[in-house]
Each structure stands twice: as C-alpha cells, then as structure tokens.
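Here are my notes for you on this protein. Keep the model open beside you and find each residue as we come to it.

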Amino acid sequence: MADVNRGNRPLSPHLTIYRPQLTSMTSILTRITGNALLISSLLVVWWFLAAASSPEYFAIANGVLTSWFGDLVMTLSLWGLWYHTLAGVRHLIWDQGVGLDLETAYKLGYAVIGGSVVLTLLTIVII
C-alpha cells in the first residue's frame, strides 16, 4: 500500500530537528579552516610577488597586510593553521582506532579548540 503522507514528512536529518554536535561542528570547522588557509596563502604569495616586482607595488601590498585588516586576517589565519594542525593530529589518533568513543571524541574536540586558541596566543606573544 502506498504511503499517502510521504510528501508531508521532512527529510532526515532535517535542519529543524537535527541538533549540531561538537564532533560535527569541529569537522565542518576543519574543512572551513583548510579552505581559508588556501586563501590566506594567496595573500602571502601576493606579498612575495610584490616584493619581487617593485618598491612601489611592495609598499601597496605591505600596507594592506600590515593594516588593521591585514593583522586581523593574518591572526585568524594563524588560528586556522593551529586549529587545522591539531584537528589533523586528532584524525591521526582516530586513524589508529584510539579515542573513537563519544566521551574521548568530545575531549579531543575541546582540546583542539582550546589548544588552537592557546597556541595562537603563545605564537603572537613570542613573535
């Protein structure tokens, strides 16, 4: 017998009933930081190309990257680099079959988030 209510039911998992979890959010953030690092690396390449081109062009690129906006982008890129690195280490741990239970996965997720913030601040203070 055909299901007459089939068209009225939401798709599963539907955004209105799905509750985001730490593991899914950290996975999505890992993908976002990976792509963002590609974009920020283009800014560094632009800076190097400007340095090789002419003093005038380098002054423009250097002015952009040393402005408040450039500092913000580079600081967020630094955080993204630390986050992506620590998330990669977490995945290497998981690849060994360790820490796959929910409690350990959450601890590793919080460690990646907290560790990336701490390492970013330490890098900024040291450099």
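1. The overall fold. The protein has four helices and zero strands, and along the sequence the pattern reads α-α-α-α. Helices (H or I, at least four residues) and strands (E, at least two) are DSSP runs, numbered from the N terminus. This is a predicted model, in which local features need pLDDT of at least 70 and side-chain atom pairs count only at pLDDT 80 or more, while totals for chains, interfaces and linings use all residues. Residues are numbered from 1 along each chain as its sequence is written, and side-chain values use heavy atoms, with hydrogens and water left out.

2. Of the 127 residues in the protein, 21% are buried. Buried means under 20% relative accessible area, exposed means over 50%, and partly exposed is in between (1.4 Å probe, protein chains only). The protein exposes about 9400 Å², and carbon and sulfur atoms supply 71% of that area. Accessible areas come from the Shrake-Rupley method with a 1.4 Å probe; for residues, only the protein chains shown count as cover.

3. Contacts along the chain. Take the contacts between residues at least 6 apart in sequence: 67% of them join residues at least 24 apart. Contact here means heavy atoms within 4.5 Å.

4. What the record says. An unreviewed UniProt entry places the feature "transmembrane region" at residues 28–50, 57–82 and 108–126. UniProt positions are given in the numbering used here, feature names are shortened, and annotations may be inferred rather than shown by experiment. In the model, residues 28–50 are 100% helix and 0% strand, with end C-alpha atoms 34 Å apart. Residues 108–126 are likewise 100% helix and 0% strand, and their end C-alpha atoms are 26 Å apart.

5. Helix 3. How far should the 28 residues of helix 3 span at 1.5 Å a residue? The expected span is 1.5 Å times one less than the number of residues. For helix 3 (residues 68–95) that gives 40 Å, which agrees with its end C-alpha atoms, 40 Å apart. After helix 3 comes Gly97, whose phi is positive, near 80°.

6. On the surface, Trp68, Phe69, Leu72 and Leu76 form a nonpolar patch with about 500 Å² of accessible area together. Patches are made of residues with over 30% relative accessible area and no salt bridge: like charges are joined within 9 Å, nonpolar side chains (Val, Leu, Ile, Met, Phe, Trp, Tyr) within 5 Å. Leu72 is found in helix 3, and it counts as partly exposed because its relative accessibility is 43%.

7. Is Thr26 buried or exposed? Thr26, in helix 1, is buried, because its relative accessible area is 1%. Not counting residues up to four places away in sequence, Thr26 touches Tyr83, Arg90, Gly109 and Ile113. Thr123 is found in helix 4 and counts as buried because its relative accessibility is 16%. Leaving aside neighbours within four places in sequence, Thr123 is in contact with Leu78 and Trp82.

8. The salt bridge. The structure holds one salt bridge, in which the side chains of Glu103 and Lys107 meet (3.3 Å, N to O). A salt bridge is a side-chain nitrogen of Lys or Arg within 4 Å of a carboxyl oxygen of Asp or Glu. Both partners lie in helix 4, four residues apart, about one turn of the helix. An α-helix has 3.6 residues a turn, so residues three or four places apart point the same way. Glu103 and Lys107 are both exposed, and for Lys107 the relative accessibility is 53%.

9. Lys107 and Leu22 are 85 residues apart in sequence and 9.8 Å apart in space, C-alpha to C-alpha. Leu108, also placed in helix 4, counts as buried because its relative accessibility is 19%. Leu108 touches Arg90, Trp94 and Gly99, not counting residues up to four places away in sequence.
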